[in-house]
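Visitor: I have a model to go through. Can you put it up and take my questions?

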Amino acid sequence: DDPTPLDSAASVMELQVQVAGAFTRAGGEGIAATAEVVAAAFSDLVLLQGSVSDPINLDEDRLVMIKLKEHLPVALKPLADVRDEILAILRDNLARDNAKARANDLLKAAQSGAGELAALASEAGLEYAHHELVKRSASAPDALLVTEIFRLPQPAGDARVEAVLPATNGFAVVQLESVVQGSIENDALMTRQQYERVIANGNASQENSALMAQLRTNAKVEVYEDRIK
């Protein structure tokens with residue numbers, strides 16, 4: 001009946017009011033790891049009006065209602081609290097910069113005729129691998145690397161496309177030798193037609209929305225109040 005306290009409702013239902021630790025809009029620990037809880041906590045109802053939230057389902061067997069205890073203003077964390085985190089980020093950034101520079105040097109050496117990439121990698125103590133028929137959905141040699149490889153231009157003739165590309169744990173020197181065009185199997189023809197219909201419907205929907213927006217912008221609407229009942 002009273003949307004401001006939790007104690008009375010908890011007493012009637014023989015439940016204990018629990019206090020969550022502070023968390024940001026990015027979430028936190030415990031129930032604050034649930035996106036719906038975070039959204040409710042920063043809603044006008046809870047944050048500005050100080051009311052108890054609507055019931056929030058955590059799973060099939062649990063729900064929670066929350067109320068603001070304290071709102072802390074945005075502030076920088078003390079340096080002592082974030083020092084280790086900052087050092088870890090700086091070390092990681094430095095390591096990636098060094099890895100990228102090393103990969104660029106390796107690529108330049110290969111392009112200058114200093115040797116084949118396999119031999120240069122071996123001399124530098126780096127791993128070399130040759131992969132054939134890698135598909136877009138492949139997770140090997142590395143999912144991120146595969147995605148970046150498929151953004152490269154197709155090699156012309158016998159020439160190879162060479163580049164330094166990001167991978168999950170660093171950078172890779174890539175020599176793309178050829179691209180094999182994909183083909184649709186007979187049993188996938190229906191799937192292709194379904195995708196074509198989905199794309200066509202999406203385009204039609206966008207065109208219709210654009211047309212309606214243009215009409216609303218350019219149209220002059222006159223309201224006859226005496227005819228409204």
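Visitor: What takes a positive phi just after helix 4?
Guide: Gly113 does, at about 90°. Helices (H or I, at least four residues) and strands (E, at least two) are DSSP runs, numbered from the N terminus.

Visitor: Where do the coordinates come from?
Guide: This is a predicted model, where local features need pLDDT of at least 70, side-chain atom pairs count only at pLDDT 80 or more, and totals for chains, interfaces and linings use all residues. Residues are numbered from 1 along each chain as its sequence is written, and side-chain values use heavy atoms, leaving out hydrogens and water.

Visitor: OK. How many residues has helix 4?
Guide: Helix 4 covers residues 79–111, which is 33 residues. From first C-alpha to last it reaches 46 Å, close to the 48 Å expected at 1.5 Å a residue; the expected span is 1.5 Å times one less than the number of residues.

Visitor: Where is the kink in helix 4 centred?
Guide: On Glu85, with a kink of about 30°. The bend at a residue is the angle between axes fitted to the seven residues ending there and the seven starting there.

Visitor: And which residues of helix 4 are buried?
Guide: Val82, Ala103, Leu106, Leu107 and Ala110. Buried means under 20% relative accessible area, exposed over 50%, partly exposed in between (1.4 Å probe, protein chains only).

Visitor: What do they pack against?
Guide: The buried residues of helix 4 pack against helix 5 (117–123), strand 3 (161–167) and strand 4 (170–176). Contact here means heavy atoms within 4.5 Å.

Visitor: How do strand 3 and strand 4 run?
Guide: Antiparallel, joined by seven bridges; DSSP must find at least two bridges for two strands to pair. They form a hairpin with two residues between them, and Glu162 has Gln175 in strand 4 as its bridge partner.

Visitor: Is strand 4 largely enclosed or open?
Guide: Six of its seven residues are buried, so strand 4 is largely enclosed by the rest of the structure.

Visitor: Switching topic: how many salt bridges?
Guide: Two, taking a side-chain nitrogen of Lys or Arg within 4 Å of a carboxyl oxygen of Asp or Glu. Arg83 pairs with Asp84, the closest N and O atoms being 4.0 Å apart, and Arg151 pairs with Glu148 at 3.0 Å, N to O.
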